[in-house]
2 protein chains.
Amino acid sequence: MEHLTKKEVDLVLKLLKLKPKAKVLDLCCGYGRHSIELDQRGYQVTGYDLSKFFIDKAREKSRNLGLKIEFLEGDMRKLPFKNEFDAVINMFTSFGFFKKEVDDLKVLKGVSKALKPNGVFFLDTINREVMVRNFRTKHWVKRKDFVMLEEGFLDLFLGRWESTRTLIFEDNRRRNYSISLRAYSLVEFINLLKEARLTLEGVYGDFDLNQYTIDSPRMIVVARKI
Amino acid sequence: MEHLTKKEVDLVLKLLKLKPKAKVLDLCCGYGRHSIELDQRGYQVTGYDLSKFFIDKAREKSRNLGLKIEFLEGDMRKLPFKNEFDAVINMFTSFGFFKKEVDDLKVLKGVSKALKPNGVFFLDTINREVMVRNFRTKHWVKRKDFVMLEEGFLDLFLGRWESTRTLIFEDNRRRNYSISLRAYSLVEFINLLKEARLTLEGVYGDFDLNQYTIDSPRMIVVARKI
């Protein structure tokens, strides 16, 4: 994961061209891997996540490394910031969880408000098209420590990807979790951005900056506050 | 084609449950194959199309069959009807040609206005998902009288399907034509319907009424004016 984090942060910085000590909001920071990497490269980071569990983890890790990163627990629909950040990042498929599209719009409006004028938004999420293209209702994935059964369903009426994952470890221990995500097409997402007064600057298909296509592993979007 | 027309009209009538002599607008009627079939089954049909060429053909065919169908030449964004029809049908991929989404919305608003209260709209178009799923930039199709080379491109920024087709006949004669279509996902289309005050009633994947899925050959939508 660490190598991946470095690579992702490299790309964020390459695309966003932030000034030294720029202020960055890591929206849905989880346990803070990007926040920490950005702080270590000299940026002023605020991590924000709904999960107390993750925020506690992030704080602990940050403290152990002798860093002073601000980590806040909160709902991404209710961002409490105004004209504060040079950049907001939202990494690793952390957009579209809410049942209603209007909530996703609230998030983007909050991002727009949190940004300084000319501030920039970076989003890294799934590519709806590749998902449709390769969709199987059931498939197995082999990882180092476990095998995973993914059982998926695309709700075309709601534009949502519903997935249940069962991880089976070598000692036969099992872990289940579900994903329910509004999978926006690029054109839909651009329309949402517009409504939040953010202007599209670029779209990429992966962290190597390849072109975004129906076969791209990711949909990476850069947008700017006007 | 005649067998196909009968089958398509069968389904329209089965789903729309129109009363005898109900008034039907065949929007983008082309040379009138559905208009004529519906007239012959006792409905009062108006055919509407942008193309003078097609309207002339439709009138001629209708006259030759001794029918009195009204065929009108006009822009689908400027429908001149108000509370007039029990049903509007739009068949055979005739939606999404305009460069701007607002024009597609104009069409739907015109449809809504043209319908009587409780009137019903039937649309039969491509399924964006199956297109993404099976997309190839170049492929050959073999038909009875010709082979066709289809060269396609999906513009994900605009949500458009751009395609150039070259038909090569046995005598080496060639014919070219292009298609440029805003390919709406179901959820996008439902949002457009709502804006035009039409309520979704059903979605089907083909003319056999199979469920609409990412692999359906068509996206067939039935919506009602509230």
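The structure holds 44 salt bridges over all chains, a salt bridge being a side-chain nitrogen of Lys or Arg within 4 Å of a carboxyl oxygen of Asp or Glu. This is a predicted model: local features need pLDDT of at least 70, side-chain atom pairs count only at pLDDT 80 or more, and totals for chains, interfaces and linings use all residues. Residues are numbered from 1 along each chain as its sequence is written, chains are lettered from A and ligands numbered from 1 in the order in which they are written, and side-chain values use heavy atoms, with hydrogens and water left out.

Take one of the salt bridges in chain B. Asp208(B) and Lys7(B) meet through their side chains, 2.9 Å from N to O. The pair links distant parts of the chain, 201 residues apart. Asp208(B) sits in the loop between β10 and β11 of chain B, and Lys7(B) in helix α1 of chain B. Helices (H or I, at least four residues) and strands (E, at least two) are DSSP runs, numbered from the N terminus.

Now the seven-stranded sheet of chain B. This open sheet has the order β3-β2-β1-β4-β5-β11-β10, with mixed pairing. Two strands pair if DSSP finds at least two bridges between them. β3 (70-73) and β10 (198-204) of chain B stand at the edges with a single partner strand each, so one side of each is left without a neighbour in the sheet. The twist averages 20 degrees from one strand to the next. Angles run from 0 to 180 degrees between N-to-C directions, and axes are lines fitted to C-alpha atoms, for helices over the stretch in contact.

Within this sheet, β5 (residues 115-126) and β11 (residues 218-225) of chain B pair in the antiparallel sense over seven bridges. Val120(B) stands opposite Arg224(B) in β11(B). Two helices lie across these strands. Helix α1 (residues 2-16) of chain B lies across β4 (85-90), β5, β10 and β11 of chain B, at about 140 degrees to β5(B). Helix α6 (residues 186-195) of chain B lies across β5, β10 and β11 of chain B, at about 20 degrees to β11(B). Contact means heavy atoms within 4.5 Å.

Chain B has another open sheet, of four strands. Its order is β6-β7-β8-β9, with antiparallel pairing. The edge strands β6 (138-142) and β9 (174-182) of chain B each pair on one side only. Neighbouring strands are turned by 20 degrees against each other on average, direction ignored. β8 (residues 160-169) of chain B and β9(B) are antiparallel over nine bridges. Thr166(B) stands opposite Asn176(B) in β9(B).

In chain A, β8 (residues 160-169) and β9 (residues 174-182) pair in the antiparallel sense over nine bridges. Arg160(A) stands opposite Arg182(A) in β9(A). Four residues lie between the strands of this hairpin, where Asn172(A) takes a positive phi near 75 degrees.

Finally, the interface. 24 residues of chain A are in contact with 24 residues of chain B. The area buried between chain A and chain B is about 1,900 Å², and carbon and sulfur atoms give 62% of it. Buried area is the accessible area (1.4 Å probe) that two parts lose on being put together, summed over both. Two salt bridges are found across the interface of chain A and chain B. Arg128(A) forms a salt bridge with Glu129(B), with the closest N and O atoms 2.7 Å apart. On the side of chain A that touches chain B, α5 (128-133), α6 (186-195) and β10 (198-204) of chain A each supply at least two residues. The largest share, five residues, comes from α6(A).
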